[in-house]
Amino acid sequence: MPTSGDHVLDVGLLLHKVEAAPPIDAVQAVAATLGEMIDARAASLLITDFTGRAVVRLTSEDRVDGARSHGIEQAETVPLPGTLYERVLRTQTAAVERLDDGGARMTVPVTDRGDAIGLLELDLPRYPTADEVADVVSAAHALAYVVISARRHTDVFEWGQRSTPFALAAEIQRRLLPASYTCEAGQFTLAGWLEPASQVGGDTFDYTLDRGTLHVSITDAVGHQVAAALVATLLVGALRNARRRGMDLAEQARYANDALAEHAAPGQFVTGQLMRVDLASGTAVVVNAGQTLPLRLRHGRVEEVPLQVEAPFGVVPGKEFVVQEFPLEPGDRIVFLTDGMLERNAASLDVAAALAASADLHPREVVHELGGAVLHATGGDLRDDATMVCLDWYGGPARGRTTEQGADPELASAPA
């Protein structure tokens, strides 16, 4: 048994177990091996589900009452509000609880660049040493990369995260969203979210970060369901193709507009905003193609960012879009949103007030809070996608970030 001062984590052995196991068993192999290293009685992964309001325990072992099943695979959904799981995810800090039998339960965040992938839970026959806790926290960070790698090869994680079945439009839409909804960087933190995740199909958001530039987009295709998802696919594909060909922001907008004008049916269009942030100069520019104006939280005050509004993409073939300067100062929180956040049956939601009330939260939590607020305001009857991207801009020179096992501790939310 390890003693204080000993480190139990053998990264080489963990990687060997990952490579030796089929992708579907890679996470369990890591959890089981880690459990053996510290004599754990049980080890399991709880992955965040697509509602953002629950975690899902994945297992292929004993039957679990109330769990969804897919062959031998099981997914037990555990609501987050008011639980230890919610606190660990929000604070990005491991929790150790003493059990009545003298043992202990460790709950550790599994996170990559601020993207809260899930939780690692271990039951131990004794209270762990400080070194054991540190090693488990490190292993949980490594586990994030195992999950990211393994889910490229299997649908089990994707299935497990879907506590609500996806409509076909949502399935198409899912491929248009970035692989990670959150990104912490030295000069900014960004998070996006979409409500409801399982239906409709017209909204998208996207971002990419290269050596000196951050690109962000939010779009809303006309219509609903599959037809809207297909139009959104055309636009997002055109934007990514233009960006990857090295086009500047004006060229990206023109290319995407012409792609819609040429290939979409008459009357189909997409509203959207494209933003480009120069990380060296700390300046930003934007194209606003008929999209709802973004909100800015600065010095405790929320207001719309005044932008010129132009025709949506696909309306005017050959159009040249205006590239506007976007006023950006260190300390700003910018929220881009689609009109689903402002739809008629959500009229009771004061988005600006909700944004001000969430000022102390991590952007990852801000978009969840706003998404939950619009669902509450509509009584769950959200008739259009409601999509948000929250950008916290810290500014300053290009730099690395402060990080502890996948998350910036200074950005983590206080306990709920």
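**View 1. The largest nonpolar core has 48 residues.** A nonpolar core is a set of buried Ala, Val, Leu, Ile, Met, Phe, Trp, Tyr and Cys residues joined through side-chain atoms within 4.5 Å. Buried means under 20% relative accessible area, with a 1.4 Å probe and protein chains only. Phe326 is among the residues with the most contacts inside this core. Not counting residues up to four places away in sequence, Phe326 touches residues including Met275, Val286 and Phe336; contact means heavy atoms within 4.5 Å. A second, separate core of 33 residues includes Val27 and Trp159. This is a predicted model: local features need pLDDT of at least 70, side-chain atom pairs count only at pLDDT 80 or more, and totals for chains, interfaces and linings use all residues. Residues are numbered from 1 along each chain as its sequence is written, and side-chain values use heavy atoms, leaving out hydrogens and water.

**View 2. Six strands form an open sheet, in the order β8-β9-β18-β17-β14-β15.** Strands are DSSP runs (E, at least two residues), numbered from the N terminus. Two of them pair if DSSP finds at least two bridges between them. The pairing here is antiparallel. β8 and β15 stand at the edges with a single partner each, so one side of each has no neighbour in the sheet.

**View 3. Leu337 is found in strand β17.** Five bridges join β17 to the antiparallel β18. Met388 in β18 is the bridge partner of Leu337. Is Leu337 buried or exposed? Leu337 counts as buried because its relative accessibility is 3%. Leaving aside neighbours within four places in sequence, its contacts include Ile218, Pro294 and Val351.

Terms used:
Helix = DSSP H or I, 4+ residues; strand = E, 2+ residues; numbered from the N terminus. Buried < 20%, exposed > 50% of the residue type's maximum accessible area, 1.4 Å probe, protein only.
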